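Reader: I am new to this structure. Please show me how to read it, one feature at a time.

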Amino acid sequence: MKIKLFILLLSALTFVSCKGEKQTIKVKGKYSLELSSDFEKARSLNKDASLQYQDIYKDLYVIVIDEPKTEVKKVIDDNLLTGTYNPDLKGYSNIIINGIDPSIVIDSMPPFKKASINGLDSRQVTFEGTSENLHIVWKFAFIEGKDTFYQMMVWTGAANRAKLEKEMEEIVNSFKETASRN
């Protein structure tokens, strides 16, 4: 009986000790991100995302969309947006934020914060709003790589904000561009 109890306790301890360990997710040889081992790959969060992961138990989600700078410039030029948006990090982030689906009701949009993420310039904003009758908090990070703009979005239910805001920040700050930086 003591052996069974010991094995059960050892198994429980092993399960608990594995929770929260970090995993490095590498994407297309372009970038990597550190996520808790509780995250699992997702497939239907965003069709354009090169990375989609979720922790359904925490109600925490992350996607990354990468876009070549040349494509961003082409979109701006082709849509005659040159006077409104520049093909730089500020212009890119403004285009994305201004293009948020109108069905999402944003409580208020604070100003962007500039930050450096592992040597890369970024513009970040965290805001709350409602989507499909769910109150959500989103953290967006727009990151300028050598030849690519990255759009990272991390979100959870607004009720989880205080509990998960630090983890959301850690996810954003773990971003590393791994493509050759000549």
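Author: Start with surface. Accessible areas come from the Shrake-Rupley method with a 1.4 Å probe, and for residues only the protein chains shown count as cover. Here the protein chain exposes about 11,000 Å², and carbon and sulfur atoms supply 55% of that area. One caution: this is a predicted model, where local features need pLDDT of at least 70 and side-chain atom pairs count only at pLDDT 80 or more, while totals for chains, interfaces and linings use all residues. Residues are numbered from 1 along each chain as its sequence is written, and side-chain values use heavy atoms, with hydrogens and water left out.

Reader: How many helices and strands are in the protein chain?

Author: Both are DSSP runs, numbered from the N terminus: helices are H or I with at least four residues, strands are E with at least two. This protein chain has four helices and 11 strands.

Reader: What share of the residues is buried?

Author: Buried means under 20% relative accessible area, exposed means over 50%, and partly exposed lies in between (1.4 Å probe, protein chains only). Of the 182 residues in the protein chain, 39% are buried.

Reader: What do contacts say about residues 24 or more positions apart?

Author: Contact means heavy atoms within 4.5 Å. Take the contacts in the protein chain with a separation of 6 or more: residues 24 or more positions apart account for 46% of them.

Reader: Which residues have the most contacts inside the largest nonpolar core?

Author: General idea: in soluble globular proteins, nonpolar side chains tend to be buried together. A nonpolar core is a set of buried Ala, Val, Leu, Ile, Met, Phe, Trp, Tyr and Cys residues joined through side-chain atoms within 4.5 Å. The largest one here has 24 residues, and Leu33, Leu51, Val62, Met152, Ile171 and Phe175 have the most contacts inside it. Elements giving two or more residues to this core are β1 (22–27), β2 (31–36), β4, β5, β9, β10 (148–157) and α4. Helix α4 gives the most, with four residues.

Reader: What is valine 62 in contact with?

Author: Leave aside its neighbours within four places in sequence. Valine 62 then has contacts that include Leu33, Leu51, Met152 and Ile171. Tyr53 and Trp155 are also among them. There is a second, separate core too, with 21 residues, including Ile65, Ile76, Ile100 and Phe140.

Reader: How many aromatic pairs does the structure hold?

Author: Rings of Phe, Tyr and Trp (its six-membered ring) pair if their centres lie within 6.5 Å; planes under 30 degrees apart count as stacked, over 60 as edge-to-face and the rest as tilted. The structure holds 10 such pairs. Take tyrosine 92 and phenylalanine 142: their ring centres are 6.0 Å apart and their planes meet at 85°, so the pair is edge-to-face. It links distant parts of the chain, with tyrosine 92 in helix α3 (residues 89–98) and phenylalanine 142 in strand β9 (residues 134–144), 50 residues apart.

Reader: Is phenylalanine 142 buried or exposed?

Author: Buried, at 0% relative accessibility. Tyrosine 92 is buried as well, at 2%. Phenylalanine 142 also pairs with phenylalanine 112: centres 6.0 Å apart, planes at 70°, so edge-to-face. Phenylalanine 112 sits in the loop between β6 (105–106) and β7 (113–117), 30 residues from phenylalanine 142. Phenylalanine 112 is partly exposed, at 22%. Ring pairs join Tyr92, Phe112, Phe127, Trp138, Phe140, Phe142 and Phe149 into a cluster.

Reader: Which ring does the charged end of arginine 123 sit over?

Author: A charge sits over a ring if NZ of Lys or CZ of Arg is within 6 Å of the ring centre and within 35 degrees of the ring normal. Arginine 123 has its charged end over the ring of phenylalanine 112, 4.0 Å from the centre. Lysine 69 lies over the face of phenylalanine 149, 5.6 Å from the ring centre.

Reader: How many salt bridges does the structure hold?

Author: A salt bridge is a side-chain nitrogen of Lys or Arg within 4 Å of a carboxyl oxygen of Asp or Glu. The structure holds 13. Glutamate 167 and lysine 58 form one of them (2.8 Å, N to O). Glutamate 167 is in helix α4 (residues 161–173) and lysine 58 in the loop between β4 (51–55) and β5 (60–68), so the pair ties together parts 109 residues apart in sequence. Glutamate 167 is buried at 12% relative accessibility, whereas lysine 58 is partly exposed at 28%.

Reader: Where do lysine 73 and aspartate 77 lie?

Author: In helix α2 (residues 69–78), four residues apart, about one helical turn. Lysine 73 is partly exposed at 41%, and aspartate 77 is partly exposed at 33%.
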